[in-house]
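Please read this briefing alongside the structure shown below. The notes are grouped by topic.

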Amino acid sequence: MEITTKDYSVWYDPEKATVFFKGFLRLDGMEAYQPIINVLNIAAENGSVITLDMKNLEFLNSSGISMLSMFVVSLRNKGNVGLVLKGSNKVLWQTKSLRNLQRLMPSISLELG
Amino acid sequence: MGHSSSSGQVDLSALDPLDQITLLQQEVLALRQLNQDLQVTLETAVEHGDAIEAELQQANQRLQAEIAERQMAQSTLQAILTTVSRDKADLEAILNLTVEHGDTVEYHLYKRAVEVMRQSEELFRAIAEASPVAMVLTQTPAGSIRYANAAAAQLLGVSEADILTYTLGDFYQEPDLPDRLQQALKQESSLVGFELQGKNAQNQAFWAIASIHQVSLQGELVWLTTLYDIGDRKQIEEALRQSQAKLQEQARLLKTLVEYREEQLRQSEEKYRSIFENSVEGIYQVSPSGHIINANPALARIYGYDSPAELMAALTDIAKQLYVQPSRRAELTVFVNQFGSASDMESQIYRKDGSIIWISESIRVVRDEAEHVLHYEGTVRDVTEHKQMEAELRQQRLTSERLLLNVLPQKVAEQLKRGTNKIADHFNKVTVLFADIVNFTELADTVSPNELVDILNEIFSSFDSLVDHYGLEKIKTIGDAYMVVGGLPSPHPRHVELIADLALGMQREITRFQRHDGTPFYLRIGIHTGPVIAGVIGLKKFAYDLWGDTVNIASRMEAHGEPGKIQVTQTVYERLKDSYDFKPRGMTAIKGKGKMTTYWLLGKRSLN
């Protein structure tokens with residue numbers, strides 16, 4: 001399962017139970033993010049612990065972080081799926097916002113490299 | 001039920017009995033009625049009570065249900081409240097997160113934008129300073145100068161510091177140009193490539209191609225004017241005209257050249273076509289799969305076809321159809337692919353009628369730029385005749401070699417062939433035998449020369465076989481005499497024994513022959529052993545011969561011998577006396593040698 005445009009790629013690798021993000025995500029509004037939410041939901045249904053690898057996601061706009069927040073909340077409410085976030089110290093927004101997501105779901109395991 | 005003493009009770013005693021009865025009957029009726037009423041009243045009251053009770057029951061149940069419902073609603077409300085509170089907290093958190101995220105990204109983007117702007121300004125400055133084109137930034141299209149690059153300062157004849165005190169309009173020849181530009185640029189955001197005449201600070205005129213663009217500089221809109229000094233226009237136009245004429249001339253020359261080359265090409269093509277058509281050699285092109293895709297008339301003729309077209313239609317897989325040896329085409333292809341070409345490759349091929357001929361072909365591979373094999377080109381000659389001649393020649397050479405070997409010992413023949421100069425060798429230990437058919441010359445008187453030679457040939461041929469058998473060397477025949485040597489040209493330790501065995505064998509062999517009148521032939525044999533000189537002399541009719549005393553004495557042993565006997569010298573006797581039987585002849589006068597002791601060789605002693 002993969003969504004690719006000239007700006008970004010989002011794909012789900014079931015074997016690694018990981019959703020990979022790459023490039024520049026700046027879709028216009030929450031509705032535009034629906035296809036990506038679908039990918040995340042499929043990942044959440046198919047694994048007891050899922051990983052979102054955003055090391056190569058250089059840019060994420062506010063709609064994007066909202067989408068991610070809501071997904072985290074929905075995962076927390078489900079209660080039976082663990083979440084690992086992989087990010088990069090070299091990308092400024094990741095060092096701040098990914099840590100903030102832990103406030104919504106304290107059990108998030110954060111790996112910043 | 002007893003009587004109730006109602007208020008209407010009449011004193012019976014005061015009445016007559018009839019009246020009394022009537023009264024009583026009335027009273028009974030009334031009582032019955034009362035009773036009935038009571039009955040009804042009672043039933044009504046009971047029914048009513050039941051109804052009331054049921055109603056109360058229902059009301060009670062409703063109340064109970066209502067209480068339960070209320071309780072439930074309250075807990076639901078509680079739960080909703082909890083969820084809502086949590087959602088509210090989540091949404092607040094998400095909002096905070098989003099805002100912070102936005103701030104971070106905004107900060108990041110701002111920093112980057114500032115950096116990009118700084119870089120682009122630097123870039124602009126660098127380009128502007130490096131450019132040979134004059135660049136001027138003004139507030140209005142021809143207004144006061146904000147920035148001018150070095151090229152502009154030079155063109156306008158002002159120092160870079162002073163130039164900021166001028167307007168660009170100061171340098172335009174036409175006084176109303178600034179106004180016209182202002183008007184034009186109200187509609188357009190740029191004017192590109194128009195020519196204007198300017199004057200520099202020293203009042204010298206110049207022509208320039210100008211362009212004006214509106215650009216944003218640090219958030220402020222300004223006008224960028226570029227002036228490309230085109231100098232003396234006439235000079236430029238003249239140069240242009242000249243270069244155009246030159247180009248036309250070059251184009252004309254080029255065209256002539258191309259025509260000339262084409263003509264040359266056409267001629268050489270014709271030439272090659274003619275060579276191709278008239279060549280006596282077959283010429284072909286064959287595809288990697290073995291299809292002949294081009295063939296000349298000579299090839300068709302060699303392969304036995306009526307025309308090249310017929311040949312090309314027929315030969316689609318030469319590996320199977322053409323070459324007699326099935327793997328031949330594969331061998332040739334491998335070779336040519338490896339080395340690029342192959343010359344004079346001889347193969348047997350089938351002609352159209354199935355006959356087999358020898359061809360000699362030279363092949364080369366033709367590849368495209370990517371090194372893929374396009375096809376193979378080759379030339380073919382029919383070498384069947386040549387091949388036959390070659391076979392004949394080989395046969396003749398073999399024959400002459402065999403002949404040479406008959407005349408000379410192999411070792412000597414090889415030496416001669418190698419061109420060894422040495423013609424004679426000294427051999428210390430050899431044994432020489434002479435044999436002569438007794439009275440053979442007398443036979444010549446009674447039989448024809450042909451018959452004579454025939455019988456001589458038979459006898460000598462049987463001797464030749466014996467000589468071969470013992471590995472000895474026949475030197476020659478002289479008339480009816482036969483000469484053999486042992487230990488030559490290769491030394492042999494038993495040369496005396498071998499010659500003795502040959503002599504005994506020859507004496508046995510001769511008994512198989514008879515004269516036509518039935519009388520037997522007799523053989524006189526002489527043997528001597530010692531040193532000889534051996535070699536080939538002369539330039540023609542090579543003959544290997546022996547010289548020396550040993551040869552002479554052996555010849556004398558034969559000449560002074562007796563028919564059917566073998567005469568040997570003392571030396572031979574000494575060598576053989578232990579294993580052969582001899583009979584001493586005594587002293588014999590030998591021509592040129594005086595008297596010698598000789599022996600008759602009788603036979604080989606049996607091992608027992």
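Chain B and chain A bury about 1500 Å² between them, where buried area is the accessible area (1.4 Å probe) that two parts lose on being put together, summed over both. Carbon and sulfur atoms give 65% of that area. This is a predicted model, in which local features need pLDDT of at least 70 and side-chain atom pairs count only at pLDDT 80 or more, while totals for chains, interfaces and linings use all residues. Residues are numbered from 1 along each chain as its sequence is written, chains are lettered from A and ligands numbered from 1 in the order in which they are written, and side-chain values use heavy atoms, with hydrogens and water left out.

**Between the chains**

- Ile94(B), Leu97(B) and His101(B) supply 39% of the area that chain B buries against chain A, more than any other three residues.
- In the interface, 16 residues of chain B are in contact with 20 residues of chain A (contact means heavy atoms within 4.5 Å).
- Helix H2 of chain A (residues 62-78) packs against helix H1 of chain B (residues 17-130) at an angle of about 150°, with the axes 9 Å apart. Helices are DSSP runs (H or I, at least four residues), numbered from the N terminus. Axes are lines fitted to C-alpha atoms, for helices over the stretch in contact, and angles run from 0 to 180 degrees between N-to-C directions.
- H2(A) is therefore roughly antiparallel to H1(B) (the term covers angles over 145 degrees, and roughly parallel covers those under 35).
- Ile94(B), Leu97(B) and His101(B) are among the residues of H1(B) that meet H2(A).

**Within chain A**

- The axes of H2(A) and H3(A) (residues 92-104) come within 9 Å and cross at roughly 30°, so the two helices are roughly parallel to each other.
- On the H2(A) side the contact includes Ile65(A), Ser69(A), Val73(A) and Arg76(A), and these four also belong to the contact with H1(B).
- H3(A) contributes Trp93(A), Ser97(A), Leu101(A) and Leu104(A).

**Within chain B**

- Helices H12(B) (residues 449-470) and H13(B) (residues 495-510) pack at about 150°, with their axes 10 Å apart; they are therefore roughly antiparallel to each other.
- Phe463(B) and Leu466(B) of H12(B) are among the residues in this contact, as are Leu502(B) and Met506(B) of H13(B).
- The domain assignment of chain B gives domain 1 (13-120), domain 2 (131-231), domain 3 (279-388) and domain 4 (408-604).
- The centres of domain 1 and domain 2 of chain B, taken over C-alpha atoms, are separated by 90 Å.

Definitions and conventions
Angles under 35 degrees count as roughly parallel, over 145 as roughly antiparallel, 65 to 115 as roughly perpendicular and the rest as oblique. Domain bounds come from an automatic or database domain assignment.
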